[in-house]
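Please read it alongside the sequence and the coordinates.

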Amino acid sequence: MIIVLKKNISQKDFQEVKDTIESLGYQAHIIKGEEKTVIGAVGSGRGKDKLQAMENLPGVENVVPILKPYKLASLEVKPEKSIIPVTSKVKVGGNEIIVMAGPCSVESEEQIIETAIAVKKAGAAMLRGGAFKPRTSPYSFQGMEEEGLILLQKAKQETGLPIVTEILNPSDLDLICKYTDVLQVGARNIQNFALLKAVGKSDKPVLLKRGMMTTIEEFLMSAEYIISSGNPNVILCERGIRTFETATRNTLDISCIPVLRQMTHLPVIIDPSHATGHWRYVESMANASIAAGADGLMVEVHPHPDQAESDGLQSLKPKKFERMMKNLSRFAEAAGRTL
Ligand code: PEP
Ligand code: MN
């Protein structure tokens, strides 16, 4: 249920509304919009009539049921777009398109610093790099773990770029939070509910990647796990879904951008690298994503893709990334955005 509060509600009446919601066994999520403040009362559905009866409380304007299964992620609860603060300067979901770029895996100090300097020069706002890698094969490179996190921190000190890096295991949360600005939950973990709840208890924004077999509704239900655990700062990332097509690594679902726009207030970014699996297709898919209304991009860049420990084929060399960013600015402008 959405409890819509009166404009000039007193502190006492506000507390009464919140206490009533909680006494009925619901969680009270306070959502401050531009127009009005509402409380999302989220729970099992028991005692719904009593929630409805809260219209009689002095601070309440009205009570409306939330029809969608994803509640806190829905536009019903918050009609205006969410802007996710990463740092005081970098925000995802505003007018500025945010590009996160960097290698698939952190491999060495030289590699990550060289990449960070190059992507910053080309206009990236954030540095990506995996220290804990989810690999299909247990024999593939698994990541540098904490050593990789330390190198990411060095690259941040060198360039000022905030970091996004993947978390695989809830038990690594405190460690990774010491180093990162944004926690990435990868495609393979989209329905790892223990992990979703763990990052939902963190105060770091979460970049949630769509699974390769996840419907858009399931994608939002996973976001709902994070928000309902207490963390409203979720950035959705489409990275290609698995279809019958084999010419590309995955099939980029560009249509999810306008579809999600009709369903959620959360920002949506696109990862054209994992979506296509080949550097040659990255630029055109990046352009298409911005044209379709994406709020940002996540792009793999490596100074020596032929030597990469993972995903070399889909990684852009810094020069190509720079060219992509230059050309992208015209698409951004046409979409009424800045880059
Ligand atoms: C990644 O970003 O390096 C990654 C593993 O992506 P995904 O989870 O989308 O496969
Ligand atoms: Mn990768």
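**Ligand site and salt bridges**

A polar atom in the side chain of Gln184 sits 2.9 Å from an oxygen atom of ligand 1. The model is a predicted one. The points below take the ligand site and then the salt bridges.

Polar contacts of ligand 1
- Arg128 places a polar side-chain atom 2.7 Å from an oxygen atom of ligand 1.
- In the side chain of Lys209, an N or O atom is 2.8 Å from an oxygen atom of ligand 1.
- Ligand 1 taken alone exposes 290 Å², and the protein buries 98% of that area.

Shell and pocket
- There are 13 residues around ligand 1, and those that come nearest are Arg128, Ala187, Arg188, Lys209 and Arg239.
- By class, the shell around ligand 1 has seven charged, three polar and three nonpolar residues.
- Ligand 1 takes up the space of the second largest pocket.

Salt bridges
- The structure contains 14 salt bridges.
- One of them joins Asp295 and Lys81, with 2.5 Å between the closest N and O atoms.
- Asp295 belongs to the loop between helix H10 (279–291) and strand E14 (296–300), while Lys81 belongs to the loop between strand E4 (60–64) and strand E5 (84–85), so this pair ties together parts that lie 214 residues apart in sequence.
- In general, side chains of opposite charge can pair when their charged atoms come close.

Conventions. Residues numbered from 1 in each chain as written. Chains lettered and ligands numbered in written order. Predicted model: local features only at pLDDT ≥ 70, side-chain atom pairs only at ≥ 80, totals over all residues. Heavy atoms only, no water. Near = heavy atom within 4 Å. Polar contact = N/O pair within 3.5 Å; in protein donor to acceptor, adjacent residues only side chain to side chain. Areas by Shrake-Rupley, 256 points an atom, 1.4 Å probe, with all protein chains shown as cover. 1 Å grid on protein atoms, 1.4 Å probe; cavity = no way out; pocket = protein on both sides within 12 Å on 5 of 7 lines; lining within 4 Å. Sits in = over half its atoms within 2 Å of the grid points. Nonpolar A, V, L, I, M, F, W, Y, C, P; charged D, E, K, R; others polar. Salt bridge = Lys/Arg side-chain N within 4 Å of Asp/Glu carboxyl O. Helix = DSSP H or I, 4+ residues; strand = E, 2+ residues; numbered from the N terminus.
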